[in-house]
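I opened this entry to keep track of what I looked up in one chain. I start with the whole and then go inside.

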Amino acid sequence: QLITRDFSINELKALQAINGIVNKSISEDNIKYVDEIDSAIMNFTLSEYYDLFGLTKKKEKDGKMRYGGRAREQAKKALLELLNREFVLPYEYKEENKDIRKTVKGIRIRRLVDIKNIEKTEEYNKNTNKTKVSDSLKVVIDGVFLKGLQRNYFNVPKYLNKDIVKALGGKRVSPAIQFFIVNLLAYAQKSPKNKIEMKYDTMVSVMRLEKYVESRQKSRIKDRFNQAIKCAKELGIITKHEETLNNWGEQKYVFHINNNYFKERSWR
């Protein structure tokens, strides 16, 4: 359980936030790559992380906008889960000289993210007579974030976590829906057609609903399917869907991709 290729829902949301921070750090030239350890070092504030994790600020009694305490703790816990897990990462490199051309492929087991420093900064403003306190993190990320992006990765909207919450009317997001949306984005960008077909069993696997299959809660599975599809439509990823049977009598879902969605978004 310490070494995996799969992400929990918290790890997935934390990873998406880190991806956004990496993109921002690259654009601002605020990231340093260290070739010897195939890693990069960057700094960011917890506020930046909370925003990309999908948290929203609410007005409190004193009139100030703040992230909720429980929401902040959830986001921190998600980051710690990501820090405490090691992942199976593929790698490939080539060596050439005048006589030999060698290609090495394999896997390595490493952390994706590692916090090295936590700093608290106090900034006093003489004009307002107020002190602003901010927490910043110094983080080492694996080189996999920066390599083979076109071949190995797919684009994710910059504020995907926040967009999903908004699409569901601010309600709690089921992990199944988050998994479905991320997989749908991946399938849509890899598919040569403007529609995607998924069998019932594939939907269950993508949304990790196996426990409901084992307990024979078909209505719960159907409810999760409907919520996920509704969310995809609200986000604008798909224009419509159809439920039908394939040639072997198995239930399948056909999703029609909205190509404009991929032209109008801010990606990372």
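**Ground rules.** I am working with a predicted model, where local features need pLDDT of at least 70, side-chain atom pairs count only at pLDDT 80 or more, and totals for chains, interfaces and linings use all residues. Residues are numbered from 1 along each chain as its sequence is written, and side-chain values use heavy atoms, with hydrogens and water left out.

**Whole chain.** I counted ten helices and twelve strands; these are DSSP runs numbered from the N terminus, helices being H or I with at least four residues and strands E with at least two. I noted that 38% of the 268 residues are buried (under 20% relative accessible area, 1.4 Å probe, protein chains only).

**Core.** I looked up the largest nonpolar core, which has 70 residues. Such a core is a set of buried Ala, Val, Leu, Ile, Met, Phe, Trp, Tyr and Cys residues joined through side-chain atoms within 4.5 Å. I18, Y49, I141, F180 and I181 touch the most other members. Helix α6 (residues 175–190) gives the most to this core, nine residues. Leaving aside neighbours within four places in sequence, I found I18 in contact (heavy atoms within 4.5 Å) with M42, F44, L79, L82, V113, I141 and F145.

**Helix α2.** Which residues of α2 (residues 46–53) are buried? I list L46, Y49, Y50, L52 and F53. The buried residues of α2 pack against α1, β3, β5, α3, β9 and α5. Just after α2, I saw that G54 takes a positive phi of about 110°.

Key: Buried < 20%, exposed > 50% of the residue type's maximum accessible area, 1.4 Å probe, protein only.
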